[in-house]
Structures are given as structure tokens and as C-alpha cells.
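I opened a new notebook page for this structure. These are my entries, in the order in which I looked things up.

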Amino acid sequence: MAAFQNMDPALRVYFKKHSIPDIYEALLSGLLIMCPDDPLRFLEEKIKEIMANGLTGALWNTCIDPALSLRLKVISDTYLHTLLGLDDDQLMTVELCEKAWNFYSTNLKRMCFENTGAAARIRRVFDLTLQKITLKAWRKETRYNRRAKKYIAHLQKGDIEEPEKQAPVHHVEVHEKRLSERRTTERILPIDHSVPAKIAGLAKLPQNALVQIFHYLNILDLGRCAQVCRSWNAMTHVCSVWSSINFSAVKDEITDNIGGNILLKWRASVVHLNLQGCVALQWLTFKSIGQCRNLQELNVSKCQGLNDELMRLVSEGCPALLHLNLSHTDITNGTLRLLSRSFSNLQCLNLAYCRKFTDKGLQYLGSGRGCHKLIYLDLSGCLQISVEGFKNIAKSCSRIQYLTINEMPTLTDRCIQALVGKCQKIISIEFNEAPHVSDIAFKALAECQLVKIKIEGHNRITDLSFKMMSKHWPCLDRLCMTDCQKITDTGLKLIAPLANIAVLNLSDCMRISDAGLKSFVEGFAGSKIRELTLANCSNITDGSLIKIAQRCASLVYLNLRSCQAVTDSGIEVLAILPSLTHINVSGIAISDQTLEALGRNGKIKEITVSECKFISDAGIKRFCMDVKHLDYMDFSFCRQLSNHSIKHLSFNCHKLTSLSMVGCPRVSDTGVQYLGAVCTYLHYLDISGCINVTDKALKALWKSCLQLRILKMLYCPNITRQAVSKYTLRLQKYEYNNDDPPRWFGYDSGSQVHSPKKQKKYWHGRKVSALNQ
């Protein structure tokens, strides 16, 4: 029809008036589809039909037999049908809709923005808004830094009592912000002044958000919240708040009567229940657990007094149980028999350090309905299990995928062979401190498709095991072979073809050198590895680090602790790694220049430089200038570092949450006050062996570090027990003694620092213990 665009207008009106194009389209379509034997007679009949029906009814498929005509729609009923693909025979497809929308939006933008100047106005508004946001953030940071400098100046002048006269920097800022928000809210909305401002602010949050917040509270805090106001009391009665109950967090305060009543009231809502270490919970509590029909996860680890009778109460009414932790309890064969009868859906079972059941008890797991769905089993420390016991496990639980057997010196190759005979779905194994396991066990595991291997302290494991890995387990992604003295460079060369290894731990493998590590890094896994641990590998030199920097672009974590052959040159090269955020270079003779190079990376979140004798306050200063996201730092036993290091660390790294400065005698109260002034997120602090720290430091931490939860103060002779009792009430856990530092701290040997040994710890328990688990 394009040929008629330039014709006489009168002729074009005539064609349109009498629907000549439509008639032509209908007749031509009929000829193409029907293919009649006599075309002329076919055209004559169809023209008569069109004349009879009128020109308005002439469509393109009018002359086509209805049996051959496609059932097409002009457009779908709703665009939802198009998105969900409910209509396959519609004319308007997703592609056509997208093309039409693009055409429409393009023309609309062109019409609105090309000639009106709207685009330029929008750009100016955007630029002004961006400038305001930038200036506001800059002003906030400037005010923060100015006040921090002012506060630090007071400390440098020796005004130690300043924290008591003037609120810390972050408290002033928070107080002003709250006042401003309160004034704005009162100006816009009337607030009931009978309710505190904080509560009124929380009341504006959606219910789902409030429920999520209440999830993080322990039992005692929920009880306190229920007494605040009516709205909070109502929130504590939402069923989803009680879906996960952690009695372990309040194990020193909870009683059997309280625990039983809580579980009885919320028995229909409880899904996850943790009773780890709750000695006081006995018959009433376990009777109530037996009524929690929807319970899926139960942790009764370290519950002294737990016996078969109490487990019988639980087994009476928890058919949906999937995860059960019985570690460190006195259960016997009777409990294992109950498991097979009552918990047929059980998937994860932890029997670590349960030493009163026998091989016959493991046979019960397959009796009755049996625990045939079990996929995770932990038998760590169960020294009483023999080869016969592992045969019983293989018969009863052939679907096991995750197997953990740690601290079991009685474990032998025959045990593994007996287990793997029928358990061939294992994908993860963990054997730590099982000295009798050798390459024969790995040969038996060849029938499985292992993905994770964790071995520690096996002197009978050789390079032959690595050959088995390369041959039978191509999907292996986590390999931890710690303290395996017979592993050599040949083993690393054998696993170089494995392409999926993301975590490799070769700590204390003394025979590993540059040749083996270079071969592995140059293999298929070099570009994918994320975590690499080479602690105490004394034959690793700068050559390996250069190769790591060139090949391991995805490396996030690197541990080079006590790699004595590594120098500054090798560590500096690591700064080019784009993803490196966690690094451990403790016990290496690095200098300030190397520390500055690591700081220029800018992405370091965790760093350990303990026992690095050649770094100074100047090096810490240059390192902290570019590391704004530092979360954890450990410079323990760096006796040359002083308060100046803490000053620069706290002033530049506001997001610091964990700091360890064990054995730093030059750190005093002033350094701790620096932390309290600026590091508002500090959660963990270890000042053990800081002999110049006194009670004033504890007072500063008490007033400033409101987020502090764990504090270690071993060998601090100038801190008194009275101050510890007064200023540690808010902590979850702390360690303290006022003894003089032992000789291995190196305070009495000049510049030489002795290697630390395990020390006797003096624990003062706390009621909250979520971090202990």
C-alpha cells in the first residue's frame, strides 16, 4: 500500500471509502491459504459473500475456511496473561509489547525534553541535591573530627578526669541528633508525652520490623519490654517472637518452673530451642518440650543431669524434630532406641563426647522406623565406638553426607572402611587428632564424592592421599590438611588440576616449599581460591607471594603467621590483590614501609601483626590513614608500640570492633581513653599484660564504649578487683587477674620477646553467652 501514498487525494479517499485495500487483502489471503482448483470461481463466490455481508465485515481472514483459520486475538485480556504466558495463541506477544513501549517512551521523552529544556532543569536539580548531600556528610565528618581532636587534646595535656566532666564525642553528637529529631517530630505530629520519646519512635515502625527487633532479645529482656507500655506488651505476645527460644543466654537466671511455663504457653510456636548448659532445667521443662509439636531444632548440649527418662518425655510429642544436639551429656543406649522410634525425620544428630552408649546403641538407630534420613553425624570424642559400631552406623544410616569424628585416637582405617561400605553419599569428612588414620582410609573413601576434607595432626597421611583427591574428587572445594608432616610439594602438584578449590589450609606442613605452592597456584584453582593458610610453613619465601599476587585475584584471606623466610618485599607485593581483606603476618620481621604498603590497599578489614618487632608508632599511623573500614586488629607483643598507635588507630578507624594489644607495656590509661572517645562500635578488647593500665581505663570504657561485650584483663596488676566488679556489669564475658606478667611476656629480657605459651585463664562468668556458643 506504500505505492498509494503519493496518489491523487481524491483517489485515496475513494479507496478508503469503499474499503478496497481490505477487500484485496481478504481475497489474496484466501487464495494463498485455500489454494482452490478454480481460482476465478472461488473469487466470484467470495465477492458475493462480501457483498452479502457488507464491506464493514471484510477482514483479512474472511475468505479463509474457519477450519483453517487461526484462532487469534487482537490483544490479550490483561497484560498479566502475557507475563505469565497463559495465552499461547495471542497476537500481542511480549516482544511486540516491549517494542511498542520503547517506541512510545522514546517519542514521549523526545517531545518533553528536546525543545523544552526540562532535561537541563532536572540535571541542575539533581546536581544541587547531590551537592547538598555531599556538603552535609562533609560537615558531619568535619564536626566529628574537630570534637575528637579537641577531646584528644585534653587527654594529651594530662587532663585524665576530662571524661567525667565532658561527655565523650559520640555521646554529644547522638544527644544533639536526638534532640533535633524530637523537635522536628513534635512540630509535625503531636506526641503523647506520657510515653518516652524512644518508645514513640519505635512505635512508628511496621510490625514486621518490630518483630524482627524483638527476635534479638533474650527471655529476660522480653519480660522487661512487656512492662514498658501496652504496645510493647502486645509485641511480646506475637507468636513469631517465640519461634526461637534461647534459654542458654540466661542459663544462670532461668529456673525449671519458669522454663516449663514459657514452653507450655508457646508450645505451638516454638521451632528452635536452645538449652545448652542449662543445668537448672529438669523434669517440668522437658515435659513441656514434649508438647511442642512443631519443634524442629533442639540443643541440649552440656545439660548435666540429662538422662534417658528426660529424653523419653521429649520423644512423646516432637515428631517434626530435624536437628538434635546431645553432645556432652550422659545419654545411653536407651536414648538411641528412642531416636529410632520417635524421630524418624531426624536429619542432624550430634553425639560428641557422649561416652555411655555402646556399639549396640548405634544398632538401634536402624530399628523400628529408624533414623534413615540422617545426613549429619558427629561422633567426636566417642572413644568407646569400635569397628562393629561403625558397621552398625553403615547399616542404619546409609544416607549420611556430613561426618565429623574429632579427638578420637581410637579411630582406624578399618573403622572408615566399615562405614564407607554402605555410606557412599558422604561429601564432607572431618578427622582431627586421629593419628591412626592413613592413606588406606582415603582409598576407601574413593567411592564417595567428597567436597570438603578437614584433617589435622595425621603423620600417616602422605602424598598418595592427594593423588586420590585428584583422581576421584573433581568437585573438591575445601581442603584443610593441618600439621600433616609427610605432605610434600609433590602432593600440591597432584591437586593442581582440581579447578574448584576455594579454601586451602596447609598450616604446620613443614615440608611444603615454593615449588609445590607455585605449581598449585599456576593450576586451575589459582584464580578461584579465596582462603589460603600457610602458617608455620618455614620454607615459603617471597617467590611464592609474588606468584600469589599474580594469580590469585579472588583471594580474600591469607595467613602467613611465622613464615620466617618471608620478607618485606614479598608482603608489599600482596598490596596489589584487589579482594584481599584479611591478612595475618604475625611473627614476621616486617617494617613500617610494608605496613604502609598494606594500608594503601584500602580494603583491609582484619589484620594481625602480633610479635612484629620492627613496626613502630609511625608505621601504625601511616597504615591507618588509608584503611577506613578496619574492623579487627591485633598487635599483641609489639612492646615498642605506645599510646600514639592507639591514637591514630582510633582516630582513623571509626568502625573498629575488635582490638587485641596483649603484652604492650607502653600502653596506659590515655590509650584506652582514646578508644573510648572515638571507637563507638568497639565490641572486643584484650589489654592483658598492659601493666600501666589502671582503674581509670575501666571507668573510661564503662562511660564511653557502650557496645563493649568482651574484655580481657589478665596480668594487669594495677587494676583492682573492686573496679572490675563495678565496671563490668554490662559485659557478657571477661577475664581478669592481677598477677604479674609471666616470664614469656618478655618484660624482663631486654628487647627479646619470648614465644607465648598457653596460660591459665581466670574467667568471671556472665549471664549472657550468645557469643560463647
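I began with helix 18 and asked what its buried residues pack against. They pack against helix 17 (359-364), strand 6 (376-378) and helix 19 (413-420). I took buried to mean under 20% relative accessible area, exposed over 50% and partly exposed in between, with a 1.4 Å probe and protein chains only. Helices (H or I, at least four residues) and strands (E, at least two) are DSSP runs, numbered from the N terminus. In helix 18 (residues 387-396), 7 of the 10 residues are buried, so the helix is largely enclosed by the rest of the structure. I listed the buried ones as V387, G389, F390, N392, I393, A394 and S396.

I noted the source. The model is predicted: local features need pLDDT of at least 70, side-chain atom pairs count only at pLDDT 80 or more, and totals for chains, interfaces and linings use all residues. Residues are numbered from 1 along each chain as its sequence is written, and side-chain values use heavy atoms, with hydrogens and water left out.

Next I looked up the chain totals. The protein chain has 31 helices and 21 strands. Of its 773 residues, 46% count as buried. I used contact for heavy atoms within 4.5 Å. Among contacts in the chain with a separation of 6 or more, 73% are between residues 24 or more positions apart. The accessible surface comes to about 39400 Å², and 55% of this belongs to carbon and sulfur atoms. Accessible areas come from the Shrake-Rupley method with a 1.4 Å probe; for residues, only the protein chains shown count as cover.

I then turned to two helix pairs. Axes are lines fitted to C-alpha atoms, for helices over the stretch in contact, and angles run from 0 to 180 degrees between N-to-C directions. Angles under 35 degrees count as roughly parallel, over 145 as roughly antiparallel, 65 to 115 as roughly perpendicular and the rest as oblique.

Helix 15 and helix 16 (residues 333-342) pack at about 10°, with axes 9 Å apart. Helix 15 is therefore roughly parallel to helix 16. D308, M311, R312 and S315 of helix 15 meet G334, T335, L338 and S342 of helix 16. I sorted the residues of this contact into 2 nonpolar, 4 polar and 2 charged. Here Ala, Val, Leu, Ile, Met, Phe, Trp, Tyr, Cys and Pro count as nonpolar, Asp, Glu, Lys and Arg as charged, and the others, Gly among them, as polar.

The axes of helix 23 (residues 514-521) and helix 24 (residues 542-551) come within 9 Å and cross at roughly 5°. These two helices are therefore roughly parallel to each other. D514, L517, K518 and V521 in helix 23 touch G543, S544, K547, I548 and R551 in helix 24. This contact divides into 3 nonpolar, 2 polar and 4 charged residues.

How many disulfides does the structure hold? I found 0, taking a disulfide as a pair of cysteine sulfur atoms within 2.5 Å. For C318, the nearest cysteine sulfur is that of C292, 6.1 Å away. C318 is buried, at 1% relative accessible area. For C653, the nearest cysteine sulfur is that of C624, 4.3 Å away. C653 is buried at 0% relative accessibility.

My last entry is C303, in the loop between strand 3 (297-299) and helix 15 (308-315). C303 counts as buried at 4% relative accessibility. Leaving aside neighbours within four places in sequence, C303 contacts L275, G277, C278 and T329.
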